[in-house]
Amino acid sequence: MGITSENGTLFSAKQIVTGIKIMNDRCNGLGGGFAAYGLYPEYKDYYALHILLKKFELKDEVEELLKDSVNIYKDEEIETRPVATIPPDYVPWRFFVDVPERVEGSSDDYIINLAMDVNKIDGALVVSSGKNMGVFKATGYPHEVAHLYKLENYKAHTWLAHGRYPTNTRGWWGGAHPFSILDWSIVHNGEITSYGTNKRFLELYGYQCNFFTDSEVLAYLWDLLVRRHKLSVERASEVLAPPFWEKIEKMPLNEREIIEALRITYAPAMVNGPFGIVVATGSGLTGIACENTMIGLSDRIKLRPLVCANNDGYTYIASEESAIRAVCQHPEKVWAPAAGKPTVAKVNAYV
Amino acid sequence: MHMYSAVPEFRVNIDRDRCRLCQRCIENCSFDALDWRDDKVKSFDDRCVGCQRCVSMCPKDAITLTRTPSVMSRHPTWTEDIRRDIYAQSRTGAVILASTGNELHERVVFDNLLLDACQVTNPAIDPLREPIELRTYIGKKPRILELEGEGENVKLKTKLAPKLKLDTPIMIAQMSYGAISLEAHEALARAVVMRGTTMGSGEGGLHKRLYPYADHIIVQVASGRFGVHPEYLDVAAGVEIKIGQGAKPGIGGHLPGAKITEEISETRMIPVGTDAISPAPHHDIYSIEDLAQLVNSLKEATRYKKPVFVKIAAVHNVAAISSGVTRAGADAIVIDGFRAGTGATPKIIRDNVGIPIEFALASVDQRLRDEGIRNETSIIASGSIRSSGDVAKAIALGADAVKIGTAALIALGCTVCKRCYTGKCAWGIATQDPQLRSRLDVEEGARRVSNLLSAWSIELKEILGAAGINSIESLRGNRDRLRGFGLDHTSLEILGVEAAGT
């Protein structure tokens, strides 16, 4: 589920927690998580690294590694409270860092590589690495995870939430959604049947999959297509959930050429199998003009539900209409987007 | 000196009660294994190759073939086959010729690989209800696609390399006119046109009768350079340089002068009755840089409009070679495994040289990925693709498409009697004898090959649908959807596949 305020108003986690809780029968307590944007206005120019540590002592090792690569502006434990149903497997920590001037090339790529290096430390896991945003996740139902991380203390202009029912890998903190890289985060309802193809394609561009779960590839695919290959959100959606050839053939010539070329070039980036996803990105990506955006997208034959609504400057996207109605009883507009057609909500104000 | 002479492999049994003495069997036996003696059909079993022609032509079903029971003492090392070969060679002093593919190694790695299907957590897709796409593009793909302009005026900035569009990822392999009959060639050509795929011309040029189908034909440029001229390159869908083939890596070809008829002479551009010899190497390719020159010459000659393929046999160092071939500019690499078929090859080479396509394919795909050049070429796997299951497994291992040879000939009626090299094919396939050729009905043959391609394509859709995939590109290189069983750890590692149960 995702909620965004298009004029950039910061709002509490209350709505998203209420909405996602309605869908508790879609998850089984083995993974819940949230992403929030507009979270750290004071530190909005720094990369906020949310890192899960298997034990407190690992913090020094991570810090050593970070010190060698980036300037650490501030670091602190992410506050939690004990929750009986959540195993205290990890200590969450946040670092605000920036990339030293001596580093050549894209600082975003530099941070990705750094995150992948941190992940190589046994027991350390970077769960988000964007600016002015962060991911909070753990084993448990989403509302329990919100309680664990004291999300009532945070405000954001965009919230994503997810409750997991693990089917292909075990339930663990790192396996919960959202999956995030730089400013991207993603929650996924479904199972990707093209995972092996997508994963091996991403490896060609330097992405390493570390979370043992299919949904992870989606975050990297968005990063590759939009940030690095500079496709628009709409074009990237056409890569992930492309129209069928039969439909392409009926398109006007120029459009047909473009879509054909996209399908041919990015064939291994096509995501197959059922998915309903909500993706969010911030405005902190370098190299492209990117706004804070929330996107809803389903697979090309819509094997998973996805419902959208607008009300009073807010956009809601969820697997069920009930989740939206739980927090916004009478939306101005409710619709089910067509298969493979992205719903794009932009946050207009720079925040 | 009297030596043991092996008993014939087959015994022709004629049911005298059923036989109505029509002699149709005698007319049909191109190996002279049947004759009319003393007012009845007499068999000469030592000449019988087991091609089944007489069996299927007998109107009374009076003929059956049985394998002669072994009368030799058994020995695990000195098998009957080995002893037969030694007797033959001690008699002739010659290389033993053979046809079709490797007979020595029975275990097929594809059979130790299993495909996946959806259960509960994601839905299988019913190909009868939902579209499932098989369309495949062969050729170089850009690493990044750039667009320019805004909104309505957005255009492609990246120019795509020449590519081949296939409606199904199954192509027909390179088999020459000369090795097979013109009728067989035309039947294959009609079938690929019907199914939106391609066939290879083989190295014997392209008969004028096939020009109408040429936009579905990949013409071959092999070491003999037979039949290569500007129009040949112009009319084709693509050009393929043959470096080697899986049935005889490192070995050239030899079409005896007796087979060089008027028509073959014209197509191959050599005099009637002269031997057509394809040298083992291309005499202008003694290393990789020479290959690059030929690739570029052919691109130049086709004005950079057609993909150039390079076919190599799966030899030990196939991964490194493929990397070189990719960097030489090949738009597609055809890798021919050690089981691949042929019209004629020294048996010892056929059975002992080269490696299985499954390992070759997996290691080439991985190597090109490791070097970041996988998008620079397409990989086509060939050599013993027997079913749509093999097609799916090859694609999951990393192939863009596959080529079939023997399977297509079986669809034309080949019974795998393994006597292609004799030129006496009783089914009109691997022969130039006008009378034998007339046995192959081009239209019916085309329909059968087309049916096979169609049947396999439907099965591929079933396989994809069961795996919850609605487009072939999501199976390509998707080794997660394969599991191995009965394979050792090293094999699994090379294949990049987990063991069943993990």
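This is a predicted model: local features need pLDDT of at least 70, side-chain atom pairs count only at pLDDT 80 or more; totals for chains, interfaces and linings use all residues.
Helices and strands are taken here as DSSP runs, numbered from the N terminus, with at least four residues (H or I) for a helix and at least two (E) for a strand. On that basis, the residue B:D61 falls in the loop that connects α2 (53-57) with β4 (63-67) of chain B.

B:D61 is not a glycine, yet its phi is positive, at about 50°. Because 16 other C-beta atoms lie within 10 Å of B:V416, it is partly exposed.

Another loop of chain B, between β6 (113-115) and β7 (136-138), holds B:R129. With 9 other C-beta atoms within 10 Å, B:R129 is exposed. From B:R129 to B:E300 the C-alpha to C-alpha distance is 46 Å, and the two residues stand 171 residues apart in sequence.

Where they meet, 9 residues of domain 1 of chain B are in contact with 7 residues of domain 2 of chain B. The domain 1 side of this contact consists of 4 nonpolar, 4 polar and 1 charged residues.

Helix α4 of chain B spans residues 182-195 and has 14 residues. From its first C-alpha to its last it reaches 20 Å, close to the 20 Å expected at 1.5 Å a residue. The helix α4(B) is mostly covered, with 12 of its 14 residues buried. Among the buried residues are B:L182, B:L188 and B:V192, and also B:E183, B:H185, B:E186, B:R190 and B:R195. Just after α4(B), B:G196 adopts a positive phi of about 65°.

The largest nonpolar core contains 244 residues, of which A:F34, A:I51, B:I335 and B:L361 touch the most other members. Domain 1 (10-94) and domain 2 (136-143 + 159-499) of chain B each supply at least three residues to this core. Leaving aside residues up to four places away in sequence, B:L361 touches B:I335, B:I379, B:A381, B:A394, B:L397, B:G398 and B:A399.

The contact between the chains takes 31 residues from chain A and 34 residues from chain B. On the side of chain A that touches chain B, the elements giving two or more residues are α5 (195-203), α8 (245-248) and α9 (253-265) of chain A. The largest share of that side, 7 residues, is contributed by α9(A). By residue class, the side of chain A that touches chain B divides into 15 nonpolar, 11 polar and 5 charged residues.

One further backbone feature belongs to chain A. The peptide bond that joins A:H177 and A:P178 is cis, with omega about 0°. A:P178 lies in the loop between β10 (158-163) and β11 (179-181) of chain A.

Technical notes:
Residues are numbered from 1 along each chain as its sequence is written. Chains are lettered from A and ligands numbered from 1 in the order in which they are written. Two residues are in contact if their C-beta atoms, placed from the backbone, lie within 7 Å. Ala, Val, Leu, Ile, Met, Phe, Trp, Tyr, Cys and Pro count as nonpolar, Asp, Glu, Lys and Arg as charged, and the others, Gly among them, as polar. The expected span of a helix is 1.5 Å times one less than its number of residues. A residue is buried if 20 or more other C-beta atoms lie within 10 Å of its own, exposed if 12 or fewer, and partly exposed in between; C-beta atoms are placed from the backbone. A nonpolar core is a set of buried Ala, Val, Leu, Ile, Met, Phe, Trp, Tyr and Cys residues joined through C-beta atoms within 7 Å. Domain bounds come from an automatic or database domain assignment.
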